[in-house]
Amino acid sequence: MWLRHLLHNPLPWRCIFYPLAAFILFLAASPNAYPIPSSSWDKANHFAAFLVLAVLLDRAHQRLGLPGILIALGALGMTIEVIQYFLPYRDFSLLDWLADMTGVVLGLALVKLALTAHQRWSVSQ
């Protein structure tokens with residue numbers, strides 16, 4: 001019962017998604033002076049951040065759907081790259097954006113898999 005409520009109640013997911021998205025945007029526009037856990041391979045950081053954002057956004061705005069999530073997070077990722085183009089200590093990279101979108105697609109696939117497994121488990125109980 002509590003899991004069903006958590007999965008379908010958008011409020012807790014929104015309370016996590018928006019601050020995290022703002023924090024990621026802040027980090028993307030900041031010099032690399034913040035000691036945060038990350039991979040030495042920049043693309044893995046992009047992939048992981050956007051995988052998490054995709055899961056959170058899917059649950060936070062459940063009616064948005066696959067195209068809406070792809071557009072929203074694709075726009076966020078491209079916005080980050082455009083901002084970084086104008087920063088002397090950052091670079092624009094389409095490969096970063098591609099890593100973002102790969103994370104989004106895998107994140108959405110994981111959500112679908114988890115919801116399907118939860119539904120099958122609920123029916124069998």
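Trainee: At what angle do α3 and helix α4 pack, and how far apart are their axes?

Mentor: This is a predicted model. Two packed helices are described by the angle between their axes and the distance between the axes. For α3 and helix α4 (residues 65-85), the angle is about 145° and the axes are 10 Å apart.

Trainee: Which handedness does the crossing of α3 and α4 have, and which residues of α4 make the contact?

Mentor: α3 passes α4 in a right-handed crossing. On the α3 side, the contact is made by His46, Phe50, Leu53, Ala54, Leu57 and Asp58. On the α4 side, the residues are Ile69, Ala72, Leu73, Leu76, Gly77, Ile80 and Glu81.

Trainee: How far apart are the axes of helix α2 and helix α3, and which handedness does their crossing have?

Mentor: Helix α2 covers residues 10-29 and helix α3 covers residues 42-60. They pack at an angle of about 145°. Their axes are 8 Å apart, and the crossing is left-handed.

Trainee: Which residues of α3 make the contact with α2?

Mentor: From α2, the contact uses Pro10, Trp13, Arg14, Ile16, Phe17, Leu20, Ala21 and Ile24. From α3, the residues are Ala49, Val52, Leu53, Leu56, Leu57, Arg59 and Ala60.

Trainee: Is Asp96 buried or exposed?

Mentor: Asp96 is placed in helix α5. Leaving out residues up to four places away in sequence, Asp96 touches Asp42, Lys43, His46, Glu81 and Gln84. Its relative accessible area is 5%. Buried means under 20%, so Asp96 is buried.

Trainee: Is Leu94 buried or exposed?

Mentor: Leu94 is found in helix α5, residues 94-124. Together with Val82, Tyr85, Phe86 and Phe92, Leu94 forms a nonpolar patch on the surface, with about 550 Å² of accessible area. The relative accessible area of Leu94 is 52%. The cut-off for exposed is over 50%, so Leu94 is exposed.

Trainee: How far apart in space are Leu110 and Val55?

Mentor: Leu110 lies in helix α5 and is partly exposed, at 38% relative accessibility. In sequence, Leu110 and Val55 are 55 residues apart. In space, C-alpha to C-alpha, the distance is 7.9 Å.

Trainee: What share of the contacts with a separation of 6 or more comes from residues 24 or more positions apart?

Mentor: The protein has five helices and zero strands, and 34% of its 125 residues count as buried. Among contacts with a separation of 6 or more, the share from residues 24 or more positions apart is 72%.

Conventions. Residues numbered from 1 in each chain as written. Predicted model: local features only at pLDDT ≥ 70, side-chain atom pairs only at ≥ 80, totals over all residues. Heavy atoms only, no water. Patch = residues over 30% accessible without salt bridge, like charges linked within 9 Å, V, L, I, M, F, W, Y side chains within 5 Å. Areas by Shrake-Rupley, 256 points an atom, 1.4 Å probe, with all protein chains shown as cover. Salt bridge = Lys/Arg side-chain N within 4 Å of Asp/Glu carboxyl O. Helix = DSSP H or I, 4+ residues; strand = E, 2+ residues; numbered from the N terminus. Buried < 20%, exposed > 50% of the residue type's maximum accessible area, 1.4 Å probe, protein only. Contact = heavy atoms within 4.5 Å. Axes fitted to C-alpha atoms, helices over the stretch in contact; angles between N-to-C directions. Left-handed = near helix turned anticlockwise from the far one by under 90°.
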